[in-house]
Amino acid sequence: MKKHSYFFYVLIALFITSCTSEQLPGVSPYSSEKDLIEFNFLKANNPALDKDYKAFIDGANVSIEMPKGINLKALIPTFKISDKATLKIGDVVLESDKTPVDLTQTITISVVAQNFKEIKKYFPSVLLIGITPNTKINATASYQNYITNKLYIDLSEAIPTTIFKTGYTKDAYIARAYADFDKDGDMDIIAVAANAYGNSGVDVEFFKNNTFSFDKDQSVFTGSVPKMLNGKKIIVADLNNDGWLDVVIAGTGFDKSPFSGETVKVLMNKNGKFETKDLGLKAEYYGSVTAGDIDNDGDVDLFVTTNQSTSKFMVNDGSGNFRVEQDIYPNSFYNVRYFVSELYDINGDGYLDLVTAGNEQLSAKSMVLFGNASGNYITDRMANLPKVDGFGVVLDIDFIDYDKDGKMDLLVTRTGDGSSAQAYYKGYNLQILKNNGTSFEDVSSKVLTGNKDASASYINWLRVQDVDGDGDLDITTDDKSYGLEWINNGGIFSKK
């Protein structure tokens, strides 16, 4: 009896083992699992993103948040699905971290089980988040106020003497700006002479346009007249949306060791009278300031460059009060000598781009940081600008669509950097950099004649304007006393 029972159990064990290893009749050996577990867009695969974006999956609905202004046509997803399943959009099989998808189209995600019989469909929807683009954002930029100025004159005639009574020179008032500050229909001048190696600041000066002459008028300053030791740049913008153009002045202070620095002054214009306002910045080497609505909230923000800490953005509360926001600007550029900057939307996406440069011999890469919906400027959305041997000091940045292709190109003013045979701050070299979307190509040799003079004086400021009245934009110096003009003839600029 026991012997028969033993053989019976052996046969049962063999049968179970056989069924386990060879699949029971009528049951598929392939998995029917078909779930979408994760669907994300990682910054590592999508450099245009400011961070990782993870979709929320609720049943068959897949909610994807994406920053406004980002190109959604070719984003690469990272996803997880059921083991041995396949993910498809239409007839295209997607591979995680590799295959791009077009989120501008209505798509259906299909997860196909290993057995090819089971399919589960998911329906993505994209929610755009972040800052809304503004197609008219350039109207907020201080650079726009600069180029709409039609005051193209010999400044030695408008400002016959400096505060030191030594007579006007091209470098006497590097910090200067033009606007109809008193709303009388003509352009006035506000400027400050430099006392870079002195011990005391000098008065900011206002020159009122009286049709046939510019008359110094210090009565426009309420209270004491503001002073600067070494003003470097003045910009004009309506900082509190009251309809009157205000003034911001950046200065570097004593221009030798120990470089004790200076501050940034704001002159708030109230009905044609200026009140000086303190931004609360510590004294540093502020070589540049520019303005524009970086967060597209309807007011004008500031950006200042310094080589003693990190250049910084200052966000406007709408009333002309500013707070430093360090996260907006990449901290990887700490203590780099940037002293030129402009804000302008050069790629037409509705966000202000930051162009900044300085002394390339001292690690200041000339670059464009492209604005985006996140409100932060990141190095992954950056374009380095081509260098010029011996002319590594950038003095000015301007914008011109020289070839009328709808993309704003760059005009860069350079001087000697002391390397090679080119003396420090000697000569000039002008660059036109063609905008190729995400990079810039130096086309100066093709479209700009007479752009280089190694022995001439350097040029403080250029301006893009129509000086010959033919309807296209030419290149001139800001001060007509230089006698330098490059006339545009079909996209070719020839030195006059």
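Domain bounds come from an automatic or database domain assignment. The model is predicted: local features need pLDDT of at least 70 and side-chain atom pairs count only at pLDDT 80 or more, while totals for chains, interfaces and linings use all residues. Residues are numbered from 1 along each chain as its sequence is written, and side-chain values use heavy atoms, without hydrogens or water.

**Largest pocket**

- A pocket is an open set of points on a 1 Å grid over the protein atoms alone, where a 1.4 Å probe fits, with protein on both sides within 12 Å along at least five of seven lines; lining residues have an atom within 4 Å of a point.
- Of its 33 lining residues, Lys232, Thr252, Asp255, Tyr285 and Tyr425 lie nearest the centre.

**Second largest pocket**

- The second largest pocket holds about 410 Å³ of space.
- Its lining comprises 18 residues, with Pro47, Ala48, Asn71, Arg381 and Thr438 closest to the centre.
- Because domain 1 (36-128) and domain 3 (337-495) both contribute lining residues, this pocket lies between them.

- An open antiparallel sheet is formed by 4 strands in the order 19-20-21-22, where pairing requires at least two DSSP bridges between two strands.
- Strand 19 (286-292) and strand 22 (322-325) are the edge strands, each pairing on one side only.
- Strand 21 (residues 312-316) is joined to strand 22 by 4 bridges, and Phe313 has Glu325 of strand 22 as its bridge partner.

Terms used
Helix = DSSP H or I, 4+ residues; strand = E, 2+ residues; numbered from the N terminus. Points joined across faces, edges and corners; volume = space filled by probe spheres on them.
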